[in-house]
Amino acid sequence: MAEQVVFHPDILCIPEGGEKPYLIAYKCSCGSAWFPKLPFCPNCWSDKLEPMPLSRTGKLYTYTIVAIPQPGLQAPLAYGFVNFPEGVSVCAQIDVQGDLETIQKALHIDMDVEVAAGVIRKDKDGNETISYRFKPI
Ligand SMILES: [Zn+2]
């Protein structure tokens, strides 16, 4: 029977009780922040990285629309890099449905997006993988 699996709960928090999901970056004592979690800070080589919740919204830095996806994904779909106020940039699917033209009209650089949780793909057994995506606001 197909199930739902949360991909990397260490970087995506889906609160119970209906609160909106948010991402978790990792902050070093040198002031650098990284996403996803790294074994050490590329800036100062420290391995003392602490979890840091990111804002629930960010700005779309750039995006692309995929016409021929890898198996388990349905096209067309959009991916984008989103800049968060904490200085972290995160890439993920953008939650826009429709044909190519609809997606193109719905997205523009520097628009506000929020973190959302949803099905990003199905694995080879048909299980739905839940992870973070971005939703235009
Ligand atoms: Zn550091």
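Reader: What percentage of the 137 residues in the protein chain is made up of buried residues?

Author: Buried residues make up 22% of the 137 residues in the protein chain. A residue is buried if 20 or more other C-beta atoms lie within 10 Å of its own, exposed if 12 or fewer, and partly exposed in between, with C-beta atoms placed from the backbone. The model is a predicted one, in which local features need pLDDT of at least 70, side-chain atom pairs count only at pLDDT 80 or more, and totals for chains, interfaces and linings use all residues. Residues are numbered from 1 along each chain as its sequence is written.

Reader: How many helices and strands does the protein chain have, and what pattern does it follow along the sequence?

Author: The protein chain has one helix and ten strands, in the order β-β-β-β-β-β-β-β-α-β-β. Both kinds of element are DSSP runs numbered from the N terminus: helices are H or I with at least four residues, strands E with at least two.

Reader: Why does the radius of gyration of the protein chain agree with that of a compact globule?

Author: The radius of gyration is taken over C-alpha atoms, and the globule rule is 2.2 Å times the number of residues to the power 0.38. For 137 residues a compact globule would have a value near 14 Å; the protein chain has 16 Å, which agrees. Along the principal axes, the C-alpha atoms fill a box of roughly 45 × 40 × 30 Å.

Reader: What makes up the largest nonpolar core?

Author: A nonpolar core is a set of buried Ala, Val, Leu, Ile, Met, Phe, Trp, Tyr and Cys residues joined through C-beta atoms within 7 Å. The largest one has 23 residues, and L23 and F134 have the most contacts inside it. At least two residues each come from β3 (22-28), β6, β7, β8 (89-94), β9 and β10 (128-136). The strand that gives the most is β9, with four residues. In soluble globular proteins, nonpolar side chains tend to be buried together.

Reader: With which residues is L23 in contact, leaving aside its neighbours within four places in sequence?

Author: Two residues are in contact if their C-beta atoms, placed from the backbone, lie within 7 Å. On that basis L23 is in contact with I11, L12, F35, L54, V90, V115 and Y132.

Reader: Why is K135 called partly exposed?

Author: K135 has 16 C-beta neighbours inside 10 Å, and therefore counts as partly exposed. This residue is in strand β10 and, beyond four places in sequence, touches D95, V113, E114 and A116.

Reader: What makes W45 and D110 stand out in phi, and why is each called exposed?

Author: W45 has a positive phi of about 75° although it is not a glycine, and phi of D110, also a residue other than glycine, is near 75°. W45 has 9 other C-beta atoms within 10 Å and is therefore exposed; D110, with 9 such neighbours inside 10 Å, counts as exposed. W45 is found in the loop between β4 and β5, whereas D110 is in the loop between α1 (100-106) and β9 (112-122).
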